[in-house]
Amino acid sequence: MSETSTSLDRVLVIAAHPDDPEFGCAGTVVKWAQAGKRITYILLTSGDKGSFDPDLRPGRLAGQREEEQRAAARDLGVEQVVFLRYPDGLLENTLELRRQLCGLIREHRPDILMTIDPWRPYQLHPDHRAAGQAAVDALYAAREWYIFPEQLIGDAEPWRVRELYLFWTDNADYWEDISLCLETRIAALARHASQVGLRMEELADRVRQRAREAGQQSGCEYAEAFKRFQF
Ligand SMILES: [Zn+2]
């Protein structure tokens, strides 16, 4: 267990769908927000296909899921939520997406980037693979003068992210102690009523169980596990 540097103040979380951050890293998000870090979410899709009800049209569901995501983010102390509104289920790691995320990294200048581990074996959801890959590729592009140079006008400069945290990983090497904020994390997950609905009690148990297992690996009661890179 090691604590992240307190001088790394700005955090960007890039994920595929509303609820990914709450399933993946929300305990760390709320802990860091309480410690004064300034956190922004970027959601690549608005989860418009996330329903098994064929009568619920994607546009209507997207609006509901964005509201749920904003409420969860408010609970956690996230300052800003940005929706890029790519179509759910069809996300691809294109150069255009990389360019857009690179521009957002250069604009927000995060010290820390958190995203989905795209290399987790059998990460079956194509959006989860694409989101993680695009975020990491954008992190690399953002630090180069001659990649997407049209973004570097006026005072704009390349931006070097200092730390990368991948969640939903099978190769964890960093654990954040979330013992004091586990229940806040679970309450934020419950904000995604369209997704968790009647399963919330079962999901809460599963979140507690996973956090307990991660805690056992790192010597605390409850933890979240990440693959971490420091640059
Ligand atoms: Zn997802």
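Predicted model: local features only at pLDDT ≥ 70, side-chain atom pairs only at ≥ 80, totals over all residues.

Q: Why does the radius of gyration of the chain agree with that of a compact globule?
A: For 231 residues, a compact globule would have a radius of gyration near 17 Å, and the chain has 17 Å, so the value agrees. Along the principal axes, the C-alpha atoms fill a box of roughly 50 × 45 × 30 Å.

Q: What share of the residues of the chain count as buried?
A: Of the 231 residues, 45% count as buried; the term requires 20 or more other C-beta atoms within 10 Å of the residue's own.

Q: Why is H2 described as largely enclosed by the rest of the structure?
A: In H2, 8 of the 9 residues are buried, and the helix is therefore largely enclosed. The buried residues are Ala26, Gly27, Thr28, Val29, Val30, Lys31, Trp32 and Ala33.

Q: At what angle do helix H2 and helix H6 pack, and how far apart are their axes?
A: Helix H2 (residues 26-34) and helix H6 (residues 182-190) pack at about 115 degrees, with axes 8 Å apart. The crossing of H2 past H6 is right-handed.

Q: Which residues make the contact, and how do they divide into nonpolar, polar and charged?
A: H2 contributes Ala26, Gly27 and Val30, while H6 contributes Leu182, Thr184, Arg185, Ala188 and Leu189. These residues comprise 5 nonpolar, 2 polar and 1 charged; Gly counts as polar.

Q: Which residue follows H2, and what is its phi?
A: Gly36 follows H2, and its phi is positive, near 105 degrees.

Methods:
Residues numbered from 1 in each chain as written. Rg over C-alpha atoms; globule rule 2.2 N^0.38 Å. Buried ≥ 20, exposed ≤ 12 C-beta atoms within 10 Å, placed from the backbone. Axes fitted to C-alpha atoms, helices over the stretch in contact; angles between N-to-C directions. Helix = DSSP H or I, 4+ residues; strand = E, 2+ residues; numbered from the N terminus. Left-handed = near helix turned anticlockwise from the far one by under 90°. Contact = placed C-beta atoms within 7 Å.
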